[in-house]
Amino acid sequence: MQSVSGVDYLNFYVMSTFSKVGAQCGFNMQDAVSQAQIAVEVTDSPQSQLSLAAVLRLFDVCEAAAASAYFPLVLGDNFAFDAIPEVDTFLATCTTLRGSMLALGWMPLIVHPALRIQTQEQGADFCVSMALEGGEAPHQGILESCMASVVKFARLLSPQQDPLRAVWFQHGPRTHPGVYERYFGVPVRFHQADDRLVFASDCMDKPLKGGFPALNAQAQLMVEQRLRKIGEQGRLSTRLEHLWNTRPDLLGARIDEVAVLLELHPRTCQRRLKEEGESFVDVQARVRRERACKLLKDTDLDIESISIKLGFVDRHSFTRAFTRWEGVSPIAFRKP
C-alpha cells in the first residue's frame, strides 16, 4: 500500500520473490532496495507500504542493475501471492478462467492501489486493460510486470490450451522486441491505444482440470475477508486522517497541496473521497474536531494558539467551527 508517513518499506513476505528475481537478472536485491531507499519490514501484515514514488525508484534501480535478463518480465513471471496464500488456493481451484478473473479486482489491494484494471468482451476477444493512476506518467515497466503475471497465472490454470492471443503496449519496446515475443509467444503490438492483454473468449468458460468449487468458494471468502481489512486501512479518508494526525501542520493546507503528498491529482483525490462517501472538508473537519477537543482538555494552550495549530486563519473562525461541532464555544467546553 502507499505510505503517507514518509516511510517506504517492502513487506517481509515478498522479499523471497524479489531476491529470486534479482539473482535471475544478475544483481543483488539487497543492494537495489538499499539504493532505492526502501526498508524491509518484518511484520505479519500483508501490506507493502510503498508509495508510488518508491515503486518507481525501485524499478529504475532494478532495471539499471539487470544484466542477464529483462527485469519487468522476470518479476511478473515470478510473482506469487506470498503474503496472501489464500489467493493461490482460489486460483488453483477455479472451475473456469472467467471465474479466475475475479482476482483481477483484488490486484490493486495486493499489488498497489494506483493500479487500475478493466475487462471487456469484444466479439471473440476477452480483453484485460491495465493502467496506473497517479504520478506524472505511468511507469511502463510496472505495467509490463503486472501483465506478465496475469499471463503466467492464466497459462498455469489452462495448460492444455493457451488462452492468450495478443499483447498491446502503449509504449514502444523498452528492450529488444524479440524479448517480448519470446516471453509472450504471441504477437506483441506497440504504440497502441492502451496496455492490453487479449484472450480468446472461447477459452474463458472451458472447465479447468483443477476445479474444486467448494474449496474455491471458501478460499474466495477468506481472501475477501483479508482484503476487506486491508481496504479499510487503505481508504483514502483513512490515509488523510493519518497524514493530518502525523502532520498537524498540514491541517490548513489546500486539497492540491495535500494531494501532492498522497501522489494523487486533486481531482482524483476528490473523486476517490466521493466514492467513499466522504469529502476533503469533511475529513479535515473530523480531524480538527478531535484534535481541538483533545487540546482543550489536555493542554493549557490559549484559544489563539489552538486555532493556529488546527490551521484556522484566526481564533474567530475556529470558535465558529467548534461551536457548530459541539454546540458550545471552546471556552465553555474547557470549563469543568
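Reply: Aspartate 194 is a place to begin: its relative accessible area is 17%, and because the cut-off for buried is under 20%, aspartate 194 counts as buried. The model is a predicted one. Aspartate 194 forms a salt bridge with arginine 196, and the closest N and O atoms of the two are 3.1 Å apart. Arginine 196 is buried as well, at 11% relative accessibility.

Aspartate 195 is buried yet has no salt bridge. The nearest side chain of opposite charge belongs to arginine 174, and the distance is 9.4 Å. What the side chain of aspartate 195 does reach is the backbone nitrogen of glutamine 170, at 3.2 Å. Setting aside residues up to four places away in sequence, aspartate 195 touches Trp168, Phe169, Gln170 and His171, and also Val128, Ser129, Met130, Leu143 and Met147.

The C-alpha atoms of histidine 191 and glutamine 170 are separated by 4.4 Å, although the two residues are 21 apart along the chain. Beyond its neighbours within four places in sequence, histidine 191 is in contact with Phe169, Gln170, His171 and Gly172. Unlike the buried aspartate 195, histidine 191 is exposed, with a relative accessibility of 62%.

Some of the residues touched by aspartate 195, including Leu143 and Met147, have numbers that fall in helix α8, residues 140–157. This helix has 18 residues and reaches 26 Å from its first C-alpha to its last, close to the 26 Å expected at 1.5 Å a residue. Helix α8 is mostly covered, with 15 of its 18 residues buried.

The loop between β4 (125–132) and α8 holds glutamate 133, and helix α14 (residues 266–275) holds arginine 271. Arginine 271 and glutamate 133 form a salt bridge, with their closest N and O atoms 2.5 Å apart. The pair links distant parts of the chain, since its members are 138 residues apart. Glutamate 133 is buried at 17% relative accessibility, while arginine 271 is partly exposed at 35%.

Another salt bridge joins the side chains of arginine 286 and glutamate 278, at 3.1 Å from N to O. Shared partners join Arg116, Glu133, Arg271 and Glu275 into one network of salt bridges. The count of salt bridges comes to 17.

As for the chain as a whole, there are 18 helices and seven strands. Of its 336 residues, 48% count as buried. Among contacts between residues at least 6 apart in sequence, 70% join residues at least 24 apart. The C-alpha trace spans about 75 × 45 × 40 Å along its principal axes.

Notes. Residues are numbered from 1 along each chain as its sequence is written. This is a predicted model: local features need pLDDT of at least 70, side-chain atom pairs count only at pLDDT 80 or more; totals for chains, interfaces and linings use all residues. Side-chain values use heavy atoms; hydrogens and water are left out. Helices (H or I, at least four residues) and strands (E, at least two) are DSSP runs, numbered from the N terminus. The expected span of a helix is 1.5 Å times one less than its number of residues. Buried means under 20% relative accessible area, exposed over 50%, partly exposed in between (1.4 Å probe, protein chains only). Lys and Arg count as positive and Asp and Glu as negative; His and the chain ends are not counted. A salt bridge is a side-chain nitrogen of Lys or Arg within 4 Å of a carboxyl oxygen of Asp or Glu. A polar contact is a pair of N or O atoms within 3.5 Å; within protein, one must be able to donate a hydrogen and the other to accept it, and residues adjacent in sequence count only if both atoms are side-chain atoms. Contact means heavy atoms within 4.5 Å.
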